[in-house]
Amino acid sequence: MPGILVVATTKDGGLSRDTLELLTGASRLKAKLAQPAAAAILGAEVGSYVPSLFAHGADQVYRAEHPLLEGYQGDAYALALHQICERAQPTVVLLSGDVVGRELGPRLAYRLQAAFVGEFIDFDLDQASGRLQFTRSAYGGKAMAVIQPRENVIVATAKLRTLEPAAPEEGRTGEEIRIDVALDAAQLKTHLIQRVQEETTGINLGDARVVVSGGRGIHGPEGFKLLEDLARILRGAVGASRAATDAGWVPSSWQVGQTGRTVNPDLYLAFGISGATQHVAGISGSKWIVAVNTDPAAPIFKVAQLGIVDDWKAVATHLTRHCKELTGR
Ligand SMILES: Cc1cc2nc3c(=O)[nH]c(=O)nc-3n(C[C@H](O)[C@H](O)[C@H](O)COP(=O)(O)OP(=O)(O)OC[C@H]3O[C@@H](n4cnc5c(N)ncnc54)[C@H](O)[C@@H]3O)c2cc1C
């Protein structure tokens with residue numbers, strides 16, 4: 001029976017948080033659609049993830065294993081995923097909006113002649129039309145667009161951190177379907193030459209409960225050392241505006257906003273960030289936003305619960321010292 005297909009990804013030996021969020025959303029939707037929720041998992045050896053996919057709500061798991069699927073390679077994954085879809089016949093395929101999903105989603109949509117929706121933040125069934133609809137930001141975060149594709153098959157990538165993953169139901173099982181994918185190295189137009197793992201220390205930006213962010217107002221890479229120190233003491237992660245990442249002060253993976261990461265921490269500290277709509281698009285899920293800016297008219301103060309009109313360094317230095325004393329870290 002056609003239904004929802006979540007394309008699972010893994011991280012650090014477990015399912016990625018994006019996958020857990022997508023499965024939570026798919027489980028919520030399957031009752032409304034009266035269709036099952038399935039998951040697809042691809043790789044060289046992925047059997048160990050199957051129980052976890054069932055526990056998180058998948059009714060069926062399509063398991064595709066092949067030596068050419070060891071590590072992500074776009075051509076191989078697009079071919080294999082297409083073969084899974086030919087078997088599963090899903091009405092909607094959900095992928096995470098990471099680099100893998102952003103490449104695979106449009107390629108799969110083309111192969112399936114399906115509608116493609118990118119970067120949705122929510123999805124639901126429109127009761128009136130009985131069709132799926134997706135919400136995503138538009139006009140640089142100034143408006144929200146609700147998209148209702150007319151095609152019968154939809155491929156969509158999610159910009160997540162909007163759903164709290166449901167707790168697993170241990171012992172829950174389902175149907176495991178092995179897909180014998182036909183892949184030939186000669187079909188692959190691109191070849192992976194080298195994989196460079198970005199060095200990451202501390203807490204992942206997307207999962208952090210505290211994010212300490214800096215913008216152009218930090219005036220150079222040196223200032224980020226202080227922000228890193230503050231983030232470490234607060235057991236948080238460091239983020240940045242695009243102005244700071246484009247300047248090469250910090251890695252681009254630290255960028256928060258419309259074209260960067262979406263964060264939803266309990267506390268978002270914005271130092272020297274003006275609050276452009278594209279930046280705010282990535283932080284609106286934060287519980288508390290505290291902004292430090294020398295310009296009292298900076299737009300960031302419109303979204304901050306607490307605003308401090310001052311030099312970022314003076315405030316960050318005081319805050320770091322006090323937090324160090326309080327926590328002993
Ligand atoms: C399609 C598109 C996508 C984009 N995506 C993103 C995105 O994902 N994320 C993102 O961040 N941007 C994004 N941008 C860029 C965005 O429009 C802004 O240009 C960017 O966010 C500005 O960064 P900023 O606030 O650090 O710099 P600025 O806007 O230059 O602000 C710097 C701020 O620092 C303050 N300041 C200066 N000195 C000090 C001091 N000593 N102490 C305290 N404050 C000080 C200033 O008053 C100012 O408000 C995007 C733009 C486009 C067109």
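How many salt bridges does the structure hold? It holds 17, each a side-chain nitrogen of Lys or Arg within 4 Å of a carboxyl oxygen of Asp or Glu.

A word on the source. This is a predicted model, where local features need pLDDT of at least 70, side-chain atom pairs count only at pLDDT 80 or more, and totals for chains, interfaces and linings use all residues. Residues are numbered from 1 along each chain as its sequence is written, and side-chain values use heavy atoms, with hydrogens and water left out.

Start with arginine 172 and aspartate 59. Their closest N and O atoms are 2.7 Å apart. Helices (H or I, at least four residues) and strands (E, at least two) are DSSP runs, numbered from the N terminus. Arginine 172 is buried at 18% relative accessible area; aspartate 59, at 21%, is partly exposed. The cut-offs: buried is under 20%, exposed over 50%, partly exposed in between (1.4 Å probe, protein chains only).

Next, aspartate 75 and arginine 107. This salt bridge is 2.6 Å, N to O. It links helix α3 (residues 74–88) to helix α4 (residues 99–112), with the partners 32 residues apart. Aspartate 75 is buried at 9%. Arginine 107 is partly exposed at 26%.

Arginine 242 and aspartate 246 both lie in α6 (residues 242–246), four residues apart, about one turn. Their salt bridge is 3.4 Å, N to O. Arginine 242 is partly exposed at 46%; aspartate 246 is exposed at 58%.

Last, a network: salt bridges link Arg63, Glu65, Glu176 and Arg178.
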